[in-house]
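Here is a short briefing on one protein model. Look at the structure first, then work through the points below.

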Amino acid sequence: MSEETITDIRENLRQVRDHMAEHCAAAGRSLSDVTLIAVSKTKPVSMMREAYDAGIRDFGENRVQEILEKYDQMPSDVRWHLIGHLQTNKVKYIVDKVEMIHSVDSVHLAEAISKEAVKKGLRVKILVQVNVAGEETKFGVAPEDAERLVETIRALPGLQIEGLMTVAPYVEDQEDNRDIFAKLCKVILDIREKNHDNINMHVLSMGMTGDYGVAIEEGSTMIRVGTGIFGARNYRIKG
Ligand SMILES: *Cc1c(COP(=O)(O)O)cnc(C)c1O
């Protein structure tokens with residue numbers, strides 16, 4: 001049996017959208033304030049097309065190479081989100097293809113994106129990745145360093161800092177991540193309060209399959225859902 005026949009993408013999406021609506025209602029938020037990004041890493045284009053046909057336009061990938069492989073096989077109105085770690089030597093392949101880069105966590109990387117954006121005459125939307133839980137295995141700046149990074153890179157040409165992103169720890173009970181999401185929200189509010197010119201930080205990219213409900217309640221504006229839409233990933237089989 002192929003992966004496609006055992007995963008009912010349309011039904012999964014219906015459930016995810018229902019949950020989004022429930023948690024938006026619980027928090028008194030509008031569903032239209034939260035963008036669902038379908039994380040399609042390791043999954044074949046055939047499955048992405050099913051999600052596309054069910055209305056998804058935002059897709060998340062964590063590898064540059066995988067975006068490049070899938071790019072021409074998907075309709076041109078797809079918005080590609082790079083959600084994984086980005087090496088500076090790969091920046092040139094991707095800046096003109098992505099809607100947003102969620103994983104900027106150093107001045108060095110921001111400068112590389114800026115340089116390439118200027119060269120190509122683009123304005124690239126970026127998020128600063130914050131490692132709220134301080135996990136050693138995760139990328140991102142410490143919460144107390146986020147503002148300084150924003151300050152340092154905000155004047156770079158060709159960049160538009162849209163907000164912050166975090167990858168919370170894997171937990172069985174999503175309540176265990178509530179404080180992490182609340183903290184990221186506080187960080188963005190603190191930065192916003194300073195009212196820096198040239199930045200309009202309005203995106204909070206937080207919440208995955210296991211915890212997007214709580215993330216929405218704590219202010220997420222972009223959730224990144226993979227397993228909940230496409231089923232479990234098998235990293236041995238190439239998508
Ligand atoms: C893989 C991935 C996701 C999606 O994870 P699921 O638990 O499958 O929803 C979200 N964000 C990032 C950064 C990822 O790498």
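Cys24 counts as buried, because its relative accessibility is 1%. The cut-off for buried is under 20%. Keep in mind that this is a predicted model.

**Cysteines**

- A disulfide is a covalent bond between the sulfur atoms of two cysteines.
- How many disulfides does a search of the whole structure find? The count is zero.
- Why does Cys24 have no such bond? The closest cysteine sulfur belongs to Cys185 and is 14 Å away, so the gap is too far for a bond.
- To count as a disulfide, two cysteine sulfur atoms must lie within 2.5 Å.
- Cys185 is in no disulfide either, as the nearest cysteine sulfur to it, in Cys24, is 14 Å off.

**Where the ligand sits**

- The ligand takes up the space of the largest pocket.
- The ligand is surrounded by 13 residues.
- The closest of these are Lys41, Thr209, Gly226, Thr227 and Arg233.
- Which classes make up the shell around the ligand? Six residues are nonpolar, four are polar and three are charged.

**Contacts with the ligand**

- The side chain of Thr209 has an N or O atom 2.4 Å from an oxygen atom of the ligand.
- Gly226 uses its backbone: an N or O atom there lies 2.8 Å from a ligand oxygen atom.
- Arg233 has a polar side-chain atom 2.8 Å from an oxygen atom of the ligand.
- How much of the ligand does the protein bury? Taken alone, the ligand exposes 390 Å², and the protein buries 88% of that.

Note on methods:
Residues are numbered from 1 along each chain as its sequence is written. This is a predicted model: local features need pLDDT of at least 70, side-chain atom pairs count only at pLDDT 80 or more; totals for chains, interfaces and linings use all residues. Side-chain values use heavy atoms; hydrogens and water are left out. A residue is near a molecule or strand if one of its heavy atoms lies within 4 Å of it. A polar contact is a pair of N or O atoms within 3.5 Å; within protein, one must be able to donate a hydrogen and the other to accept it, and residues adjacent in sequence count only if both atoms are side-chain atoms. Accessible areas come from the Shrake-Rupley method with a 1.4 Å probe; for residues, only the protein chains shown count as cover. On a 1 Å grid over the protein atoms alone, a cavity is a set of points where a 1.4 Å probe fits but cannot get out, and a pocket is an open set with protein on both sides within 12 Å along at least five of seven lines; lining residues have an atom within 4 Å of a point. A molecule sits in a cavity or pocket if more than half of its atoms lie within 2 Å of its grid points. Ala, Val, Leu, Ile, Met, Phe, Trp, Tyr, Cys and Pro count as nonpolar, Asp, Glu, Lys and Arg as charged, and the others, Gly among them, as polar. Buried means under 20% relative accessible area, exposed over 50%, partly exposed in between (1.4 Å probe, protein chains only).
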